[in-house]
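Biologist: I'd like to learn how to read a metal site and a helix pair. Can we walk through an example together?

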Amino acid sequence: MKNEQNSRKNLYKCPVCKDTGFIIKEVEGSQPIMQRCKCQEIEIAKKIWIKAGINPEQAKQTFSSYKIYNDITKYAKDTAIKYYKDFENIKKDRHNSIAFLGQVGSGKTHLSLALAVNFLEKKRISVVYMPYRDVITSIKQNMLDKEYYAKQLSKYQTAKVLLIDDLYKGKITESDINIMFEIVNYRYLNYLPIIVSSEFTIERLLNFDEAVGSRIYEMCKKYIVQIEGKENNYRLREE
Ligand SMILES: Nc1ncnc2c1ncn2[C@@H]1O[C@H](COP(=O)(O)OP(=O)(O)O)[C@@H](O)[C@H]1O
Ligand SMILES: [Mg+2]
Ligand SMILES: [Zn+2]
């Protein structure tokens with residue numbers, strides 16, 4: 001009997017609510033109440049991530065899973081959390097954005113995603129995730145279709161918060177810069193925040209293109225995390 005029960009239990013994705021999405025809670029001296037099951041919160045969260053362009057694996061990169069192991073990682077995490085806490089007060093300001101720059105593998109994407117997931121889940125602010133290289137490639141492939149091009153661009157221009165991940169990764173062409181200018185300048189003019197990660201320092205970003213670089217700098221200047229040195233590559237770290 002026990003075995004039979006167990007095997008039946010396994011037929012459900014969620015044995016707690018038997019996939020109904022609700023649980024009935026007995027309340028002493030009163031009517032039982034219907035409650036949304038925990039599994040639904042996860043399902044709802046997943047839908048929110050996917051809409052933002054973030055996959056559930058990426059959403060595991062949270063503040064709590066980001067380890068502090070030296071001054072730089074402490075500074076990086078503190079700055080990200082400070083930005084999150086300040087956000088309501090600064091979101092319409094000139095300096096309403098944050099940048100994680102420098103060393104590969106130092107957790108720039110990790111902290112950017114941690115911010116995005118918090119915005120999405122706790123503040124219900126719609127973030128759009130823009131993996132720079134994939135997006136720029138796709139936009140360029142569709143440049144001849146003016147209507148589609150404008151539509152794609154506008155998604156990144158008008159997002160409440162835009163996460164540009166790995167800006168200027170790969171070989172950069174004139175049209176890459178032009179596309180980035182259209183996106184960044186629109187956001188700059190409309191005071192729309194960005195979270196940006198890039199292997200390049202501010203100086204290098206300015207060298208690639210001053211118009212794009214200087215706008216990013218101005219938007220992010222209160223919250224810039226610049227990480228240098230291979231010792232900060234988490235993947236190369238010895239336990
Ligand atoms: N301080 C840290 N604590 C825990 N995991 C980290 C930390 N820094 C980086 N990682 C992990 O190392 C990997 C590389 O980090 P990532 O954010 O992709 O680096 P970057 O974007 O700077 O190249 C990811 O799996 C990330 O979760
Ligand atoms: Mg990265
Ligand atoms: Zn359930």
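This is a predicted model: local features need pLDDT of at least 70, side-chain atom pairs count only at pLDDT 80 or more; totals for chains, interfaces and linings use all residues.

Biologist: Which residues coordinate the zinc ion (ligand 3)?

Modeller: Four SG atoms do, from Cys-14, Cys-17, Cys-37 and Cys-39, at 2.2 to 2.3 Å.

Biologist: What is the geometry of that site?

Modeller: Four donors count as tetrahedral if all angles lie between 85 and 135 degrees. Here the angles among the 4 donor atoms are 107 to 112°, so the site is tetrahedral.

Biologist: How are the donor residues spaced in sequence?

Modeller: The pattern reads C-x2-C-x19-C-x1-C. Cys-17 sits in the loop between helix 1 and strand 1, while Cys-39 belongs to helix 2, so this pair ties together parts 22 residues apart in sequence.

Biologist: Are Cys-17 and Cys-39 buried or exposed?

Modeller: Both Cys-17 and Cys-39 are buried.

Biologist: And helix pairs, what describes those?

Modeller: Two packed helices are described by the angle and the distance between their axes. Take helix 2 and helix 4: their axes come within 10 Å and cross at roughly 120°. The two are therefore oblique to each other, and the crossing is right-handed.

Biologist: Which residues of helix 2 and helix 4 meet?

Modeller: Ala-45, Ile-48, Trp-49 and Ala-52 in helix 2 meet Val-117, Leu-120 and Glu-121 in helix 4.

Biologist: At what angle do helix 7 and helix 9 cross?

Modeller: Roughly 35°, with axes coming within 9 Å. That crossing is left-handed, and its contacts include residues such as Phe-181 in helix 7 and Ile-216 in helix 9.

Conventions. Residues are numbered from 1 along each chain as its sequence is written. Chains are lettered from A and ligands numbered from 1 in the order in which they are written. Side-chain values use heavy atoms; hydrogens and water are left out. Donors are N, O and S atoms within 2.8 Å of the metal (3.2 Å for Na, K and Ca); water is not among the atoms, so sites may look incomplete. Four donors count as tetrahedral if all angles lie between 85 and 135 degrees; four count as square planar and six as octahedral if opposite donors are over 155 degrees apart and all others between 65 and 115; anything else is irregular. Helices (H or I, at least four residues) and strands (E, at least two) are DSSP runs, numbered from the N terminus. Buried means under 20% relative accessible area, exposed over 50%, partly exposed in between (1.4 Å probe, protein chains only). Axes are lines fitted to C-alpha atoms, for helices over the stretch in contact, and angles run from 0 to 180 degrees between N-to-C directions. Angles under 35 degrees count as roughly parallel, over 145 as roughly antiparallel, 65 to 115 as roughly perpendicular and the rest as oblique. A crossing is left-handed if the near helix is turned anticlockwise from the far one by less than a right angle, and right-handed if clockwise. Contact means heavy atoms within 4.5 Å.
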